[in-house]
Amino acid sequence: MPANTNSSGIVVDLKGHTAIVTGASRGIGRAVALRLAACGATVAGVSRSLAGLEGTLQAIRDAGGEAVGFEGDVAKSEDVRKIVDAVEEKYQKIQILVNNAGITRDGLMLRMDDDAWRDVIETNLSGAFYFCRAAGAVMMRGRYGRIINISSVSGLMGNPGQANYSASKAGLIGFTKTIARELASRGITVNAVAPGFITTDMTDVLPEKIKTEVKERIPVRRLGTPEDIAEAVCFFASPGASYVTGQIIAVDGGMTA
Ligand code: NDP
């Protein structure tokens with residue numbers, strides 16, 4: 001199957017599109033970056049370390065794609081502004097933004113300290129806001145855009161030990177629906193993907209016992225892969241998804257069915 005064809009055989013042509021993908025150094029962000037690049041998009045990957053991004057950028061270039069890396073902290077609005085300005089200067093337009101960078105700092109609410117709350121909200125929720133505000137202005141000028149925010153089933157259902165994380169991911173859902181309404185008339189769609197349990201560094205740290213228990217609660221009986229999420233992101237990022245906005249799609253093997 002050609003690289004720009006999805007698993008259903010549909011060709012997604014993103015040639016001439018520039019895509020910012022935050023948290024592109026590993027896990028879901030890396031898979032999304034590779035997928036969008038395989039469809040022809042030029043990828044601007046973001047993470048806190050350029051060295052961390054190198055593997056993703058090289059994999060894209062090895063496959064014949066174009067990619068550039070930007071070091072920055074999504075929780076710092078000045079970093080975000082600089083990155084978006086640099087991408088606009090280099091490529092003139094930004095057609096796709098994937099707000100994927102995220103962290104967890106789990107703990108029960110009664111014992112959660114202020115920093116654990118703030119760090120997670122600032123990275124997962126404010127980071128997406130900073131990027132949408134900066135890149136959204138560029139998209140407005142181009143009268144076209146595809147914004148995809150990576151939420152979580154924890155934001156849909158709640159999850160004990162993740163009050164900060166669930167709040168950030170539920171916040172992203174309200175944020176997505178609101179800015180979808182604000183930007184719709186300018187040809188910009190805004191949607192969210194809510195992954196279930198996906199095998200990445202974020203979930204690798206969990207004990208095997210928990211992973212086995214989670215698997216038993218997933219109707220399709222397997223943990224998800226970053227590529228499962230990239231597939232849904234690719235749909236929302238495609239020009240053909242122009243009539244889909246303000247939607248949240250759970251990619252979770254049926255966990256929330
Ligand atoms: P990983 O921990 O594997 O990767 C996180 C990525 O985010 C890395 O590239 C990291 O890069 C980047 N990142 C973290 N903080 C910042 C920051 N402040 N500024 C810039 N980049 C940052 O996570 P996953 O791939 O598992 O998760 C990706 C997204 O999917 C997250 O938003 C997560 O909440 C969400 N998700 C994941 C699920 C899962 O089961 N894995 C389930 C549901 C949602 P670096 O460290 O180099 O800065």
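Reader: In what order do the seven strands of the open sheet run?

Author: Strands here are DSSP runs of E with at least two residues, helices are runs of H or I with at least four, and both are numbered from the N terminus. Two strands pair if DSSP finds at least two bridges between them. In this predicted model, the order is β3-β2-β1-β4-β5-β6-β7, with parallel pairing. β3 (67–71) and β7 (248–251) each have a single partner strand, so one side of each lacks a neighbour in the sheet. From one strand to the next, the twist averages 20°.

Author: Before we go on, two notes on the basis. Residues are numbered from 1 along each chain as its sequence is written, and side-chain values use heavy atoms, without hydrogens and water. As the model is predicted, local features need pLDDT of at least 70 and side-chain atom pairs pLDDT 80 or more, while totals for chains, interfaces and linings use all residues.

Reader: How many bridges join β4 to β5?

Author: Four bridges link β4 (residues 96–99) with β5 (residues 145–150), and the two run parallel. Val98 is found opposite Ile148 in β5.

Reader: Which strands does helix α2 touch?

Author: Contact means heavy atoms within 4.5 Å, and angles, from 0 to 180 degrees, are taken between N-to-C directions of axes fitted to C-alpha atoms, for helices over the stretch in contact. Helix α2 (residues 50–62) touches β2 (42–47) and β3, making about 170° with β3. Helix α3 (residues 77–91) lies across β1 (18–22), β2 and β3, at about 155° to β3.

Reader: Now the ligand: which residues come nearest?

Author: A residue counts as near if one of its heavy atoms lies within 4 Å. There are 29 residues around the ligand, and Ser25, Arg48, Asn100, Tyr165 and Thr200 come nearest. A polar side-chain atom of Arg48 is 2.7 Å from a ligand oxygen atom, and a backbone N or O atom of Ile198 is 2.8 Å from an oxygen atom of the ligand.

Conventions. A polar contact is a pair of N or O atoms within 3.5 Å; within protein, one must be able to donate a hydrogen and the other to accept it, and residues adjacent in sequence count only if both atoms are side-chain atoms.
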